[in-house]
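Biologist: I'd like a close look at just one part of this model, down to which side chains point where. Could you walk me through it?

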Amino acid sequence: MWTLALLGLIQAPGDLIYRIQATAPVTLTLPACPEGEGHWIRAAGKRWVRVKPTQAEGGLQFRLDPEEWEGGEALLVVGKTVGVDLADEQPPKVAALRVDGARVADAPVVDLDWRTAPPREIAWEVEDRSRLDTASLLVQVNGQAFAPGTPGIRVRPSSAGRKLAIAVEPEKLPGIDARVETRVALSLADTSPTRNALERTLVYRRMAPPEGGKPVVAHVDSCFEGYTPETLVDGKVMEPGTSTFGVTWASAETNTPHWAVLIFDKPRAVAGVELYWAHFQGEYMVSTRYAVEAWDGARWRPLAEAKGQEPAKSTAHRFDPVTTTAIRVWQPAGGGHPARPHLMWLTEIKPL
Ligand SMILES: [Ca+2]
């Protein structure tokens with residue numbers, strides 16, 4: 001009783017990679033292909049070993065003995081190509097990230113916060129021990145996928161394919177709708193047998209005035225299911241004992257910062273902000289820590305900082321008047337009400 005299964009064939013420029021499961025010696029006949037830098041096999045947890053097939057009618061014959069294969073599984077590389085590092089199990093690295101020419105620290109998720117205009121160019125310089133699989137490159141903008149060659153995406157390989165410069169010009173991509181928040185996601189694999197992939201996301205938000213002649217619009221980082229941000233500026237304040245639905249906004253309940261931004265149709269003089277809290281299970285859901293900020297045309301400027309507020313229906317923060325087009329209430333991770341620290345839960349935000 002023995003089993004043999006070809007669990008998968010991965011074909012990328014050059015070599016063919018087979019995932020094999022077998023519990024008894026087997027002879028595998030595979031289509032002929034250039035030998036390149038040889039044929040190699042690696043059982044789980046073991047080293048790569050070169051294997052010599054015999055020429056058979058219709059292809060190459062591999063005699064494989066899984067006696068020492070842990071779990072009966074192995075990877076077979078047929079016709080290793082130049083630039084593939086068999087031992088490479090590390091995803092490609094970002095050597096540099098530049099936004100409009102300025103260096104930005106790389107991270108799995110880079111948040112550029114708010115801007116008056118979208119970036120003209122986002123440029124990643126990626127490098128790897130193995131040759132990069134340019135065909136695997138995928139750029140997604142707000143979930144819409146773009147391949148290399150699309151206007152707005154430029155790709156330039158160097159160092160025998162081990163480096164790749166990827167430039168994305170979001171405004172030149174076809175069919176991109178203007179949104180407040182834009183997420184640009186990048187994925188790129190190397191050509192090593194384990195096809196290690198780099199995943200990066202870059203987020204930015206655009207300071208866009210309210211549409212439809214409204215004097216103010218609210219934007220938020222996230223919503224608890226069923227809650228929407230318009231309730232923050234609809235002029236209605238929730239009364240205790242009534243439902244929080246339709247009259248309050250709650251953020252998603254995640255251990256991340258939460259925020260609400262009000263954007264005005266034209267600059268306003270603001271001398272304070274009154275925050276009206278949601279009422280839930282007999283308590284006003286007053287956040288423990290947060291800051292009130294104003295947009296100065298380029299970035300957020302702090303106006304008031306709150307720590308350990310008293311329970312109240314509303315909390316007013318007054319400051320020297322500023323003329324601004326937007327204000328933000330920003331709560332750090334875990335800064336919510338002690339009963340629900342990962343929520344931010346308000347019924348109205350009133351500029352004073
Ligand atoms: Ca790699």
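Which residues of strand E16 (residues 163-168) sit on its covered face, and which on its uncovered one?

Modeller: Quick caveats before we zoom in. This is a predicted model, so local features need pLDDT of at least 70 and side-chain atom pairs count only at 80 or more, while totals for chains, interfaces and linings use all residues. Residues are numbered from 1 along each chain as its sequence is written.

Now, your strand (a DSSP run of E, at least two residues, numbered from the N terminus). The covered face of E16 carries Leu164, Ile166 and Val168, while Lys163, Ala165 and Ala167 make up the uncovered one. For burial, the cut-offs are 20 or more other C-beta atoms within 10 Å for buried, 12 or fewer for exposed, and partly exposed in between, with C-beta atoms placed from the backbone.

E16 has paired neighbours too (pairing takes at least two DSSP bridges). One is E12 (residues 122-127), which runs antiparallel to E16 and is joined to it by six bridges. In that pairing, Glu127 stands opposite Lys163 of E16, and Lys163 belongs to the uncovered face.

Another is E15 (residues 153-158), again antiparallel to E16 and again with six bridges. Here Arg156 has Ala165 as its bridge partner in E16, and Ala165 is on the uncovered face as well. E15 and E16 make a hairpin, with four residues between the strands.
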